[in-house]
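Subject: Handover of a structure and its findings

Dear colleague,

Please find the structure for your study below.

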Amino acid sequence: MPPRNVNVILIAGLVSWLCYSTASGAKKAILVGEAIQLIDQFYVDPVNDAALVEAAMDGMTATLDEHSEYIPPGMYGAFQDMIEQEFAGIGILVEQPEQGKPVRVITPLVGSPALEAGVLPKDEILKVDGLDVSTMEIGDVSNRLRGVLDTSVTVTVRRKVSPTDEKLIDIQLFRKSIEMESVVGDYRDGQSQWVYRLKSHPEIAYIRLTSFGEKTVNELKRVLESLNSDFDALIFDVRANSGGLLNAAVDVCDDFLESGRIVTIKKRGGEIDSEFDASPGLLVRSEIPMVVLIDGNSASASEIVAACLQDHKRAFIVGSRSYGKGTVQNVLTMDFGRSALKLTTARYYRPNGRNIHRLKDAKEEDEWGVMPDEGLNVLVNDEGFAAILQQWQKASFPVISMSEGDASNSDGESKEKQDDENQNPAPSEPVDPQLERAIERLRESIQAPSSNAEPSKPSRAAA
């Protein structure tokens with residue numbers, strides 16, 4: 001047979017295979033579409049097509065791992081805001097203590113329109129632009145408060161001015177770009193600025209990362225440059241940090257290492273997708289002892305940082321075992337950018353080559369997550385963790401100046417008492433045993449610097 005005929009046969013076979021694969025995929029998609037059409041046509045009650053599609057997408061991703069999910073149009077904007085650390089709103093942190101009851105302000109954010117307009121903690125949101133939202137879900141209320149940059153919104157709040165008296169107040173606000181900070185300190189000073197030193201031990205710098213977003217690296221760089229290594233030790237707190245962007249975690253590690261492997265990414269079949277190494281240059285002198293605080297809610301990017309600094313013996317790891325999420329998710333947009341699929345596409349491996357990911361059938365004795373170093377494992381029960389979260393929340397409150405007419409808050413406390421609590425928060429150690437143990441370990445290193453060379457082995461919303 002002439003070679004030309006062989007080539008024609010091979011090309012024809014390849015085209016046939018591609019057509020078969022495409023037809024097979026299309027057949028499956030047609031099957032889903034046909035089911036939606038039949039339900040819409042014959043089901044006993046009227047149905048919402050969009051809800052059916054969302055349910056179908058949720059069903060498909062439910063068969064995958066727990067970190068893969070469909071992000072519908074109504075949630076995609078909020079998801080982007082979280083990653084980009086910025087949205088247009090009035091700048092308040094809110095909660096809904098009881099379903100079906102009014103959403104309540106936890107605190108206005110520093111530098112926000114809400115703070116400037118006089119919104120106060122514990123204000124209950126009853127109306128937004130005249131619409132009754134007193135029984136709406138917190139997500140719906142938050143979405144109504146957000147909107148186009150520089151547009152106005154009128155919020156009606158119910159405020160207690162004494163234990164027995166309350167009033168309704170209409171507040172007009174103009175939405176502005178709200179930046180969500182991801183690098184915070186131990187407490188705020190009298191000007192509502194974060195102080196990146198422990199109040200009880202100012203010789204120890206304290207930096208807590210709440211997430212790994214697009215602005216985290218620059219935020220951290222500004223803080224470290226302002227401190228200029230002018231401290232005896234550093235606590236880097238990633239407790240309750242569920243992760244974020246891979247490149248942010250890599251760059252954070254790079255701030256503390258001169259060289260060496262940070263993380264390796266492997267895709268399907270164990271094939272290496274990418275390897276990340278530290279580059280020369282430090283933002284913190286290598287002889288300064290350091291602790292990374294972790295807990296069971298430290299995941300993904302947090303675990304990359306903790307594992308990397310542990311393997312390179314750059315930091316002691318204190319706290320409790322991390323979550324065990326060693327997978328990488330890619331966000332694949334759909335429907336012309338209105339929705340997306342978040343899919344697990346790879347796994348990451350720590351510098352020592354071990355996989356952090358906790359499999360579905362993993363046992364406590366198996367190897368997964370990041371373990372604290374020997375003698376530095378400190379367990380905190382649910383009650384203790386709730387107290388730590390409350391402490392972090394109070395520390396983030398801005399110093400709020402209240403008018404004479406609002407001199408008492410909803411608990412009847414005086415303005416002077418509230419201002420004093422804002423400017424002089426109680427030291428964090430007594431209710432935070434993990435932080436207390438970190439301080440003890442660092443003070444040991446400060447007294448014996450050489451020991452640092454070889455560590456021991458080891459529902460809210462914003463609007």
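Which strands each supply at least two residues of the lining of the largest cavity? They are strand S7 (152-162) and strand S8 (165-174). Strands here are DSSP runs of E with at least two residues, helices are DSSP runs of H or I with at least four residues, and both are numbered from the N terminus.

Before the details, some notes on the source are needed. The model is predicted, so local features need pLDDT of at least 70 and side-chain atom pairs count only at pLDDT 80 or more, while totals for chains, interfaces and linings use all residues. Residues are numbered from 1 along each chain as its sequence is written, and side-chain values use heavy atoms, with hydrogens and water left out.

The whole protein

The protein has 11 helices and 21 strands. Of its 463 residues, 43% are buried; buried means under 20% relative accessible area, exposed means over 50%, and partly exposed lies in between, with a 1.4 Å probe and protein chains only. The protein exposes about 24100 Å², and carbon and sulfur atoms supply 52% of this area. Accessible areas come from the Shrake-Rupley method with a 1.4 Å probe, and for residues only the protein chains shown count as cover.

The largest cavity

About 40 Å³ of space lies in the largest cavity. A cavity is a set of points, on a 1 Å grid over the protein atoms alone, where a 1.4 Å probe fits but cannot get out; lining residues have an atom within 4 Å of a point. Grid points are joined across faces, edges and corners, and the volume is the space filled by probe spheres set on the points.

The lining consists of Ile90, Ile92, Val105, Val119, Ile125, Val155, Val157, Ile171 and Leu173. By class, nine of the lining residues are nonpolar, with no polar and no charged residues. In this scheme Ala, Val, Leu, Ile, Met, Phe, Trp, Tyr, Cys and Pro count as nonpolar, Asp, Glu, Lys and Arg as charged, and the others, Gly among them, as polar.

Salt bridges

The whole structure contains 15 salt bridges, each being a side-chain nitrogen of Lys or Arg within 4 Å of a carboxyl oxygen of Asp or Glu. One of them joins the side chains of Glu181 and Arg188, at 2.8 Å from N to O. Glu181 is partly exposed, with a relative accessible area of 36%, whereas Arg188 is buried at 4%.

Arg239 forms another salt bridge, with Asp237, and the closest N and O atoms are 2.8 Å apart. Both of these residues are buried. A network of salt bridges links Asp237, Arg239 and Asp432.

The side chains of Glu367 and Arg354 also meet in a salt bridge, at 3.5 Å from N to O. Both residues lie in the loop between strand S20 (339-349) and helix H9 (382-396), and they are 13 residues apart. Glu367 is exposed, with a relative accessible area of 54%, and Arg354 is partly exposed, at 45%.

The surface and two helices

Ile39, Tyr43 and Val44 form a nonpolar patch on the surface, with about 320 Å² of accessible area together. Patches are made of residues with over 30% relative accessible area and no salt bridge; like charges are joined within 9 Å, and nonpolar side chains (Val, Leu, Ile, Met, Phe, Trp, Tyr) within 5 Å. Ile39 lies in helix H1 (residues 3-42) and is partly exposed, with a relative accessible area of 34%.

Gly139 lies in helix H5 (residues 138-145) and is partly exposed, at 35% relative accessibility. Between Gly139 and Gln96 there are 9.8 Å in space, C-alpha to C-alpha, although the two are 43 residues apart in sequence.

Lys221 belongs to helix H6 (residues 216-227). Lys221 is 31 residues from Val252 in sequence and 8.7 Å from Val252 in space, C-alpha to C-alpha.

Backbone angles

Most residues other than glycine have a negative phi. Asp129, which is not a glycine, has a positive phi of about 50°, and Asp129 lies in the loop between strand S5 (124-128) and strand S6 (131-132). Asp150, also not a glycine, has a positive phi of about 70°. Asp150 is placed in the loop between H5 and S7 and is exposed, with a relative accessible area of 59%.

Yours sincerely,
A colleague

How values were computed
On a 1 Å grid over the protein atoms alone, a cavity is a set of points where a 1.4 Å probe fits but cannot get out, and a pocket is an open set with protein on both sides within 12 Å along at least five of seven lines; lining residues have an atom within 4 Å of a point.
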